[in-house]
Amino acid sequence: MRPTDHLKDLSADDWIAVTRHPFTEALADGTLSEGAMLRYLEQDHLFLAGFVRLLASAVAHAPSLPDAIPAAQFLGLITGPENTYFLRAIAALGGDPDTPATPAPVTAEFQALMAQAAESKRYEQMLAVLVVAEWSYLDWATPYADRADDLPFWFGEWIALHSGGGFEGVVAYLRDQLDSVWHRLDEPERRAVEATLGLAVALERRFFDAAQDGFAQP
Ligand SMILES: Cc1ncc(CO)c(N)n1
């Protein structure tokens with residue numbers, strides 16, 4: 001079994017909760033309220049700031065240039081079209097894209113986990129969080145890919161950004177990186193990857209749970 005399949009299986013319950021969540025079901029049905037989508041995107045834009053630093057750290061710690069290049073290109077996508085999506089969608093939903101929201105507790109925990117991984121100097125720790133973030137989004141979004149064009153852009157583009165061949169390639173690359181580094185880890189390092197990856201899946205679940213009740217705002 002691939003190490004990344006083993007790692008996902010350790011969090012099977014949380015994984016299913018994340019990838020078949022009522023929040024993303026409502027998003028893909030177009031029934032999610034605009035207020036709930038706005039509050040989700042405001043919190044997720046804060047997530048993105050930590051994610052960019054984490055991905056940049058992974059670029060810096062990749063063992064070779066060919067290992068670094070797909071992550072570097074993905075960094076361009078996230079800081080380009082994806083960031084622009086955030087700015088357009090937050091504005092269209094009535095928010096102010098220039099004023100960062102106050103981090104909700106789960107957002108702050110996610111930021112702390114990403115900062116810890118980014119500063120760990122351990123490539124496998126960075127990959128543990130990156131694999132969860134991208135693979136779980138690919139899994140929830142893929143079944144809805146054919147609906148993206150029929151939805152308002154703030155729903156449809158969010159699905160399109162996390163499905164399709166290009167994004168599948170990103171996830172395949174991140175999994176390959178973690179699968180290869182896994183074989184060079186000793187037992188304590190493997191247990192540490194399992195712990196970080198499990199924490200990341202649990203936080204993804206709590207993030208959607210919180211998003212579903214508007215991050216505790218009316
Ligand atoms: C919380 C969260 N996890 C993963 C992704 C995918 O990048 C995202 N945008 N937000």
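**Helix packing in a predicted model**

Q: How do helix α4 and helix α5 pack, and how far apart are their axes?
A: Helix α4 (residues 34-61) packs against helix α5 (residues 65-92) at an angle of about 160 degrees, and their axes are 10 Å apart. Axes are lines fitted to C-alpha atoms, for helices over the stretch in contact, with angles from 0 to 180 degrees between N-to-C directions. The model is predicted, with local features needing pLDDT of at least 70 and side-chain atom pairs 80 or more, while totals for chains, interfaces and linings use all residues. Residues are numbered from 1 along each chain as its sequence is written.

Q: Roughly parallel or antiparallel, then?
A: α4 and α5 are therefore roughly antiparallel to each other (over 145 degrees; under 35 is roughly parallel, 65 to 115 roughly perpendicular, the rest oblique).

Q: Which residues make that contact?
A: Among them are L38, L41, E42, H45 and L48 of α4, which meet a set on α5 that includes A68, F74, L75, I78 and F86; contact means C-beta atoms, placed from the backbone, within 7 Å.

Q: And what about α2 and α7?
A: The axes of α2 (residues 12-19) and α7 (residues 123-141) come within 8 Å and cross at roughly 50 degrees, so these two helices are oblique to each other. Their contact is formed by W15, V18 and T19 of α2 with S136, D139 and W140 of α7.

Q: How many helices and strands does the protein have?
A: There are ten helices and zero strands, taken as DSSP runs numbered from the N terminus (H or I, at least four residues; E, at least two).

Q: What does the C-alpha trace span?
A: Along its principal axes the trace spans about 50 × 35 × 35 Å, and of the contacts with a separation of 6 or more, 80% join residues 24 or more positions apart.

How values were computed: Contact = placed C-beta atoms within 7 Å.
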